[in-house]
Amino acid sequence: FDQLLSQKNFRQIYDDQMRFIAATAMYPEKQEQLRTVLTDMQQIEKSIIQAQEIEKRGDYPGAWESAEKAFRKYPDDNKLNNVRSSLTIKASEFVRSITQAEELEQKNQPGSSLSWFLKAQNAYPPSEFAREGVERLTKQILPDAT
């Protein structure tokens with residue numbers, strides 16, 4: 001358990017959770033570490049399933065956004081990375097718009113960034129990333145606007 005934990009191999013811990021539940025039974029601090037890993041992995045699995053269900057409907061940008069939210073919180077999970085990579089290809093134009101918008105925002109180019117977020121929002125109106133980016137940049141560019 002300690003070796004897998006130090007390697008951040010949470011997927012293996014999750015896959016062998018029954019063995020580790022028994023192994024940590026006498027060690028409260030390890031039980032807490034295991035509980036944290038299992039809770040995080042359950043969130044990752046839930047996100048993967050959600051993304052796959054959205055993908056089945058043909059909503060590739062929505063599926064990618066679902067996987068991307070989890071990826072930003074848990075970037076080290078290989079299974080999640082594989083799902084995200086597959087969806088990145090299927091929603092490439094939308095992903096490119098979001099990525100470009102975020103890069104420009106980080107470079108403190110709010111006008112250009114806003115333009116890319118609006119492009120992403122036009123391509124996929126339900127996008128939370130695009131909506132939040134537009135709201136954030138609109139407040140930055142026009143602080144007195146309501």
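Asn-108 sits in the loop between helix 7 (92-106) and helix 8 (110-123). The model is predicted. In this model, the phi of Asn-108 is near 60 degrees. That value is positive, and the residue is not glycine. Most residues other than glycine have a negative phi. Asn-108 has a relative accessibility of 57%. The cut-off for an exposed residue is over 50%, so Asn-108 counts as exposed.

A positive phi also occurs at Lys-8, again a residue other than glycine. Here the angle is near 55 degrees. Lys-8 is likewise placed in a loop, the one that runs between helix 1 (2-6) and helix 2 (10-15).

Ser-66 belongs to a helix, namely helix 5, which covers residues 60-73. The relative accessible area of Ser-66 is 9%. A residue is buried when this area is under 20%, and Ser-66 is therefore buried.

Which residues does Ser-66 touch, leaving aside those up to four places away in sequence? The partners are Ser-47, Gln-50, Ala-51 and Ile-54. With one of them, Gln-50, Ser-66 makes a polar contact. This contact joins the two side chains at 3.3 Å.

The position of Ser-66 can also be set against that of Thr-138. The two residues are 72 residues apart along the chain. Their C-alpha atoms are separated by 24 Å.

Terms used: Residues numbered from 1 in each chain as written. Predicted model: local features only at pLDDT ≥ 70, side-chain atom pairs only at ≥ 80, totals over all residues. Heavy atoms only, no water. Helix = DSSP H or I, 4+ residues; strand = E, 2+ residues; numbered from the N terminus. Buried < 20%, exposed > 50% of the residue type's maximum accessible area, 1.4 Å probe, protein only. Contact = heavy atoms within 4.5 Å. Polar contact = N/O pair within 3.5 Å; in protein donor to acceptor, adjacent residues only side chain to side chain.
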